[in-house]
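Hi everyone, thanks for coming.

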Amino acid sequence: MDQIPVNDKHMADMEDTTTLFATNYHLESLANKIMPELGCEIEDFKYNTWHVTNWRNLEERITGPIFEVGGWEWQILLFPFGNNIQDSVSIYLDFVDPKNAPDDWHLCVQFALVLWNPKDPTHYVAHHSHHRFTAEDSDWGFTRFYDLNKLFTSYENRTCALIENDSTNVTALVRVLKDPTGVLWHSHDSNMEEGYVGLKNQGATSYMNSLLQSLYFTTYFRKAIYQINTEEDNPNKSVPLALQRVFYNLQTSNIPIETMELTRSFGWNSFDSFTHHDVQEFNRMLQNYLEGKMKGTKAEGALTRLFSGKMKNYVKCVNVDYESSYVEDYYDVQLNVKGCKTLRDSFKNYIQKETLEGGNRYQTEGYGLQDAEKGVIFESFPPVLHLQLKRFEYDTQKNAMTKINDRYEFPMEIDLEEFLSENADRSKPHKYLLYGVIVHSGDLYGGHYYALLKPERDGKWFKFDDGRVTPVMNSEVLEDSYGGEFPDVNPNSTIDPTDKRSRSTNAYMLIYIRESNVKEILSPMIPEDIPDHIRRRSEEEGPFDFIIKIVTAGKFKNHQGFDLANFEDLQYPISDVYTYKTTKGRTYGAFKKDISRAFKIPLEQIRFWVLVNRRNRTIRPDTPIPESYFNLSIEEIHAKITCQQNKMKLYMEVADRPIYGKRWFPPVEGNYHIIVFIKYFDPDKQALEGLGHLYVQKFSKVSDYIRALCEKKGFSPHTPLKIYEEVTPDTIVEMKLKSTFQQSSIQDGDIICFQKVLTEKQIKEHIMAGRNWDVPQFYEKLTSRIVVSFKPKWKYQDSKHEFDLILNKKWTYDQLAGIVSIYLNTDPLKLRFTTALFGTPKDVIEHATTQTLSEMVQIANSTSSSHILFYETLDISIVELETKKFFKVAWLGNTTSEKEVIDVCLQKNAIVSDLVKKLLKKVILLSQNSKIRLFEVVKHKIQKDYTGTEPIEKIKEFVTLYAEEIPEEENFANKNDRIIQVYHFTNDPMRVHGIPFKFVIKNGETLADTKERLQYRLRMSENEFSKIKIAIVAETSRAKPEYLKNDDIILSEKIFSDEDCLGLDHIDKTSYVERVGDAKKTFFIRD
């Protein structure tokens, strides 16, 4: 293998290839095409090409020539036949010398790896990434760089293969980026250097965490919350008190904050915490609730002063001097994204006038029908302006609600004066500064939120992603949140077309603060702002800000996995180790005394070893905590020994008897002893057993300790053993008995695993029984383990609900179904599984899939730390089902409330009219001539009426379907009547609930008569119906609802379009739980 120095013209045999690549596809230009602009200043850029020959005979792992970028040495790391996978070549960028890197060294690098044909550089495949390289995390790249089978053929549009004559080129394009914040792409859970901490995610509460952080740093809001009197309240039942405690903990704690107390005060259970909700909907609900709780307190009116503006809805005649208008309050503004490129475009769109003419003319008092302009204009903007970007809309072509991922730009500051009415107060400037961006990542069926906030006017921007807090640059706030398409990685090739996809991560809510109000809105907190009882309660409960996890010999004995314990890798079973919560200021001596008392072990017989993350991604004991640290604080020791934030992992070494006279433990300095940890593999039990630790001498042979190992297991001293070192989970090396421990590179904290030497007969017996017979085989089996969480897809099903199983990543669908069916005691052919996205159901897994379990749970591409599958129990075999399509339809009859859920199963080539025919056989109609309407509901509003001709295959699985008997009055409606949608909401049209329905607006009918028909349709008593406020909600404009108070008005003269709706504003008392579609529970806060 030879290096091609692209800038070296003296290598004649390489010159033509290099020149061709450099001329036609200049590497710096190629880098600009391949690697997107990240908004970071480039400190250095270099490229290096490695000519690889004799591919088929290469070793499993090889590295290319060393090259220098940014003052450091690098190399390409190549796995020609895949890194623990069979079907792909794996390529990485590797930092050469991590061992000699300075303390806390890091380098932020953006890079691309390009594999190309040496004779024809127009044929190449490229992948790009960026990474924060550290001594512990010194290589990064692509395990599935490209399909091995496609490397040697002229695949797709290529006229030649990428590898010809067993040769190819691999080029690394490397940019070193400046890191002005010092934490670019940092992975710490929180950033205490800046004084900010995160909020823990309970399962699907990222929407809540993002909003709470934005409200917390709005100190005017925080102070108002503290002014609510809660001294006698129970935090599990009082939302204001629970919120005060969350805010106080955010202000005083050093570790991410729990929010379970707050959600319990909402009246939510664990299922509610695993249900995704809309952040804007949550914001309105929370503010409405808090506004009520502030009445009669010092905080009364605070939310109105902070978030409320005024807008005017008007209809103005074109030809006569007549205008009808009313002014109302708003707390947020919903802006269109579709069709708008910038925030200013959206505001212009918002106040755009709608022309009422022709058959849609406006009925005036005194002038009859007139041409008119209808619209909305702002009378005032609030100090804090919440802008919701309408990223979710109904797509008529796709027949579904979809997320709009279009590029949408917004500025750091904007002047909104041009959007005010002529008569608005302009005495104050209307310049607004961007304070926060709440970002949504995902799609309609699930997603994740995080907040980008600027807590101080002249301070930095920070990303609050649940428990993780990191500084970010302006480019991450703006460019990375705009959305739009990913850059085209390879415009001249069809090799990697998936890079032309839209970004699903983009801004969803913008928060601006009026510049003249910034000092007041973000004014610093003072001690007097915090109620005494909040501070007092916190002191009484003890603010623990540091966690220590302790591995004992007993826990190690039962550990069935890698290292001494599994602390946080949810792919495998988490170890139940001892957890000690303390404060950073507590001394090591006090901590040690606590442990001595807890385990009833004399103080002098305990020594703690600090576990560290090694470069090979194992976690091993590294050094003992010296007794000289007895009076140091936990924080001081933490700073000296480990860099893990707010947590420490320890191994508790216990001495049975003293050595060297009064000494209990071997000294560390100048000692030739090494502490190793011992595991025994039992092929009969197919299990490991941790046998504690053993001190061995560096220069002793491995064979010298066979007797000691036999003694630990109770074997005869001369029992033949096979001894292995557990280097990493996928590297188990048999140790040479004649080598010394130093020659075997054994160091403190290493793990030795041994077993008996088996006879040929014993090996055959294990093979016949399907058992692993040696240590490497068993470890390979362990690497295939995965913990999968199973959740019921439909909450109403009688099931065992949620459970976890330890399974094998390589299992097929049938193997998976077989094990789960045993747990559920059901027929495996009647089980169906669905993948998860952000904790909610996404795609049904076909029974005929060739995917393995690891591919089903998407381990390689998962952004989640846990692996989830949803299951459902079917009434028919999944084999039969997959030739059909299955629906659940809520039958309403002639009412507006659900009577029953009907299961319908049809051939996949059926149409909607076939579905209706099936329904007709299962329901009773009032009249033989009655017809059934099938309609689709999304977020409690009708999104589509089905005509009957639509193919059922186009109906999405998770939509909510309703069927009703079409009312007789609708069948007899005349041409001047309108049929419009009626839906339910509480206070705000966004806070929808209940089941929507179609209703006839009769031409010339008074509102009083319309109410009578509505009351009958709703089957409500007069008392119930009197509590409903009726409003017109115009779908064609952004106007707020127009409430109807005069019973004498002619409603048909107020309804201008079939797209307009009637809104019924009333409290949702049903606590309705959807049993169709996505099974989401009604969003509420308990009063």
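**A helix, a sheet and a buried strand**

Let's start with helix α23 (residues 912-920), which lies across β42, β43, β44 (932-938) and β46 (960-965) and runs at about 130° to β43. Contact here means heavy atoms within 4.5 Å. Angles run from 0 to 180 degrees between N-to-C directions, with axes fitted to C-alpha atoms, for helices over the stretch in contact. Helices (H or I, at least four residues) and strands (E, at least two) are DSSP runs, numbered from the N terminus.

A quick word on sources: this is a predicted model, where local features need pLDDT of at least 70, side-chain atom pairs count only at pLDDT 80 or more, and totals for chains, interfaces and linings use all residues. Residues are numbered from 1 along each chain as its sequence is written, and side-chain values use heavy atoms, leaving out hydrogens and water.

Now the sheet: five strands form an open sheet in the order β43-β42-β46-β44-β45, with mixed pairing. At its edges are β43 (900-907) and β45 (941-945), each pairing on one side only. Two strands pair if DSSP finds at least two bridges between them. Eight bridges link β42 (residues 884-893) to β43 in the antiparallel sense, and Lys-884 sits opposite Gln-907 in β43.

Next, why is strand β39 (residues 831-837) largely enclosed by the rest of the structure? Because six of its seven residues are buried, meaning under 20% relative accessible area, where exposed is over 50% and partly exposed is in between (1.4 Å probe, protein chains only). Strand β39 runs antiparallel to β41 (residues 867-873), joined by five bridges, and Thr-834 faces Phe-870 there.
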